[in-house]
Structures are given as structure tokens and as C-alpha cells.
Amino acid sequence: MSTISSEGRTTTGTSPSDSGGLQIRGLHKHYGNFRAVDGIDLDVPEGRFYALLGPSGCGKTTTLRMVAGLEEPSAGQILIGGEDIAHKRPYQRPVNTVFQSYALFPHMTIFENIAFGLRRRKESDIDRRVNEMLELVEMQHLAKRRPTQLSGGQQQRIAVVRALVNKPKVLLLDEPLGALDLKLRRQMQLELKRIQTEVGITFIHVTHDQEEAMTMADTIAVLNKGKVEQMGAPVDLYENPRTAFVAGFLGQTNLLSVNVISRDADVVKVDFHGVQLAMPAKRMAASGVSVEAGVRPEKIQIAALGQAPAGMNAVDGEIIDASFIGVSTQYVVRALADAEEEIAVFSQNSATELHRVGEKVSVYWHPEHTFGLHEGAWKEAEAAEVAS
């Protein structure tokens, strides 16, 4: 993997043991009997944008603070470039942190805020390095202003480049977009990803916002109760959740109680109250007969009762709720075969006619969009949705 350093040089990184990569091995943090972090292992290759995602109390911020040196691990290793830094002081570590509060000095100009760390270390060529950072975020014209004269998004950019000017091997971001409104937050997601791509430094980003993590990160580690629940690329986590918590935390999902009819190398067939459904065997993450069949609401379409296309997974039902939300209409369909089973459907508003509450319909989706989880997984998924 090739990246561009902050000075424009091409560097190569293929594993976490490279100069800017991060390895975490058996990391624990206990507060009495409470295990905030319970044996985390992570490999973050150099130059990656990596997200730690999870609800409040899952251990993501505690993990970040241990990497930064703001918390002492109870056990485990934190390695950057193969060197264990777990017990070094914060200023001895090749990392910098950007906090939600930005922590800019209000009495200093923007230029002096960025130059602060360089001046303390008595480094040379300060003007050039500060101006490079201002150019990176296109804010050269604001160099003489003070933080209170900038918008929240501008302050956030300055906080990032103030950390980057020191050339850390790893930049830690602790929910840096949390103080911004929704529109600005989405703009800054793209801006942060652009900055990371240009400088090529490893970014570790802590957030509880699923959209934020999926928009920016190359890899996401979903944390739950101090452990890594699942790790992978955003599309893999969303399309192939291995646990109900991940399925529920990364967006909404339908989980239907089913019984396995047959399994072979390619396809698993299940029974849903007399209706046969199918899924790829590689997407079945549960053993046993009684399991949960999952499908995302946006994968489902609605047809007239009994008119689902051949070859699709199809369930007949009655629409019991319809909510128009602009880009789509969200329906809730109660299965005719079992009144306790409800299916959420997100239908894009491209059709001229909306379906009505009380209408009998068939909902259908491609078998490849189905995944399987263990029995009772819906309870965990509901807890994850509440946490998110």
C-alpha cells in the first residue's frame, strides 16, 4: 500500500508493524470488578482510516485514551512500529489526539495555535509547516483570526491540522464531529476523509454514529461490552453481520424466526410458518434448527398479494403502518401467517402511487440478501438499535 506523507513523499506500508501502524494485543482496562475493555486485539495497518464504533460504555473511548496515554492499561500491549508504548508517558508517544471540544487556545491566532507545539519543541521551518497545514484545509486567509471568530467546522479543521503539523504516526480522533449540526457534520466527514487520504497518516476515529463510521473508515471495529463484536470493511459489516448486535447497531434489520429445512454447500433453506425461504450458506452464522433469518428493510419490495416474482423470498402480509419521510416511505407489514411477525420495508418514493394501511400485499426480496443468525437474536438486535 502506498501513501503520501505530509511532505509529499511516497511511503509504503503493508502491515501494522510498519512505522505508522498500530497493534493492540490483549488490552484490558478494569475499574474494580467492571471491565471497561476486556481483551481487545486490533491490527491497524499504516495509512488506514480506522473506526472504533459502538454505544456509550462499550469501551471505545477508553481504548483510545489508553493508546493516547491518558489511561493506564490493566494488561496488554499497544505497539506502534513494533514498539510497545503501553506504559510510556503521553508526550513520549508518536500520537496526537483531536477532541470533540477542539481545545484551541482562544487568546492565540489560528497561525499560533498550529505553531504552538512546534515552538515548544524548538523545531525549525515553522512558518512553512504551518502554512502547509493551512493550505491543506484552504484556510490561509484566516491565519490571523482567533478561534472565536471561526465557525465550528473551521475550528474543527484547525484542531485537526494542529495535531497533524507535529507529524504523528497515528492521529486519534475522539468523536470530533459531535458538536456540529447534522449538515456540517456530513460535510466534515468527507473533509476528514480527504485530509487523511492526502497526508497518509493512520487515523483512529472513535464514534457512536454508524453513518459517520461507514462514510469515513476503511475498516470498522464494532465494540460491545468491552470486546470487539465484529471487524471489517463497512460494506462487509452491513451486508454480512455475524451477530445480532452488529445487525441491529449498523442500521435497521428484520429478523424472522425460522426453522432450517436443509443445508448444503451453497444454500440453506428454512421454513417461515409454512413459507420456504432461502439464503446463501456463506451468510448463515448459526448452527442448529431454530434460527433467525435477517433481511434489511431497503432490500425488500412490495407487490400485490400473490404477485411476487418467481425465485424470490416472499411473505404475504397486511400493511399496518406507512410513514412518508421524503426520500422513502417506511412500511410495517404484519405477516398473515403469524400476527406476531412484522416486517419493515423501506420503499423509495419513485412510484406514483403509495400503498395504503390495511392493504394485503406480498413483500419479497432476493434470497442472496438474506442472512442467518442464532435463535433469539432479535432481542440482541433490539438492544443494539436502542443503544444506537
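Biologist: Is the crossing of α4 and α5 left-handed or right-handed?

Modeller: The crossing is right-handed; that word applies if the near helix is turned clockwise from the far one by less than a right angle, and left-handed if anticlockwise. This is a predicted model, where local features need pLDDT of at least 70, side-chain atom pairs count only at pLDDT 80 or more, and totals for chains, interfaces and linings use all residues. Residues are numbered from 1 along each chain as its sequence is written, and side-chain values use heavy atoms, leaving out hydrogens and water.

Biologist: What makes α4 roughly parallel to α5?

Modeller: The axes of α4 (residues 152–164) and α5 (residues 182–199) cross at roughly 20 degrees and come within 11 Å. Angles under 35 degrees count as roughly parallel, so α4 is roughly parallel to α5.

Biologist: Which residues of α4 meet α5?

Modeller: In α4 they are G152, G153, Q156, R157, V160 and L164, which meet L184, M188, E191, L192, I195 and V199 in α5; contact means heavy atoms within 4.5 Å. By class, seven residues are nonpolar, three polar and two charged.

Biologist: Which residues of α2 are called buried?

Modeller: In α2 (residues 110–120) they are I110, F111, N113, I114, A115, G117 and L118; buried means under 20% relative accessible area, with a 1.4 Å probe and protein chains only. Their cover includes α3 (126–136) and α4.

Biologist: How do you know that β14 and β15 pair?

Modeller: Two strands pair if DSSP finds at least two bridges between them. Strands β14 (residues 267–272) and β15 (residues 275–280) have six bridges, in the antiparallel sense, so they meet that definition. The bridge partner of V268 is M279 in β15.

Note on methods
Axes are lines fitted to C-alpha atoms, for helices over the stretch in contact, and angles run from 0 to 180 degrees between N-to-C directions. Helices (H or I, at least four residues) and strands (E, at least two) are DSSP runs, numbered from the N terminus. Angles under 35 degrees count as roughly parallel, over 145 as roughly antiparallel, 65 to 115 as roughly perpendicular and the rest as oblique. Ala, Val, Leu, Ile, Met, Phe, Trp, Tyr, Cys and Pro count as nonpolar, Asp, Glu, Lys and Arg as charged, and the others, Gly among them, as polar. Buried means under 20% relative accessible area, exposed over 50%, partly exposed in between (1.4 Å probe, protein chains only).
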